[in-house]
Amino acid sequence: MNGSGPNTTCQGRDIDDLDRAIDPADQKARFCAEIAELANAAMDGNLTRRMNADYADPDLRRSAALLNELISSIDDNLCDLNDAMAALAHGDLHGGMRDKHRGAFGQLQKNFNLALATVRTVLGEQGSGRFTEKATKFRRMLAGVRSKDVAFEIRVSDEDSRPIPSPPHDLWLKLADALDGFSA
């Protein structure tokens with residue numbers, strides 16, 4: 001429900017005149033309903049939803065615009081963290097979060113970038129290169145496991161039987177093999 005542009009006429013009447021004729025209680029009810037929809041979307045992880053900012057009441061219009069800015073800011077901060085995490089997951093130890101965040105997101109940025117710097121320092125230059133290689137190998141391995149459409153089932157073993165291998169356990173063993181001999 002984005003206000004994509006002003007619709008200035010409606011059967012020959014100015015839209016602002018129509019909004020003024022609307023009962024303030026109706027405007028407030030619509031505003032409250034939009035806040036509820038925006039909050040539900042955000043709680044579901046949908047940060048693309050926005051409120052209409054076309055209210056006749058200037059306080060409601062300003063509040064809707066501020067809420068839209070809030071959701072946009074949260075989305076921007078989370079996108080930056082997601083991009084930095086994706087780079088790390090792909091073995092890139094030279095990235096990090098951009099230096100633009102404030103408050104709680106600034107602390108998150110500081111901690112993420114410090115953790116990344118710590119990993120780079122511990123691994124050193126050669127270790128960073130090996131980490132990138134191992135991360136690429138592991139990513140390919142994960143892609144292969146996901147594409148097999150493995151059926152999971154729960155089986156009970158008795159005291160005399162050996163542990164039953166499971167896809168997550170097998171994946172863990174493959175990761176351990178991939179990282180075997182990896183040291184700083």
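How many helices and strands are there in the chain? There are five helices and two strands, taken as DSSP runs of at least four residues (H or I) and at least two residues (E), numbered from the N terminus. From that end, the order is β-β-α-α-α-α-α. The model is a predicted one, so local features need pLDDT of at least 70 and side-chain atom pairs pLDDT 80 or more, while totals for chains, interfaces and linings use all residues. Residues are numbered from 1 along each chain as its sequence is written, and side-chain values use heavy atoms, with hydrogens and water left out.

Of the 184 residues, 21% come out as buried, meaning under 20% relative accessible area with a 1.4 Å probe, protein chains only. The largest nonpolar core has eight residues: Phe31, Leu38, Leu47, Met51, Tyr55, Leu60, Ala64 and Ile71. Such a core is a set of buried Ala, Val, Leu, Ile, Met, Phe, Trp, Tyr and Cys residues joined through side-chain atoms within 4.5 Å. H2 and H3 each supply at least two of its residues, and H3 gives the most, with three. Apart from this core lies another, of seven residues, including Leu81 and Phe112.

Then there is arginine 50, in the loop between helix H2 (24–43) and helix H3 (58–89). Instead, the arginine 50 side chain reaches the backbone oxygen of leucine 47 at 2.7 Å.

Note on methods
A polar contact is a pair of N or O atoms within 3.5 Å; within protein, one must be able to donate a hydrogen and the other to accept it, and residues adjacent in sequence count only if both atoms are side-chain atoms. Buried means under 20% relative accessible area, exposed over 50%, partly exposed in between (1.4 Å probe, protein chains only).
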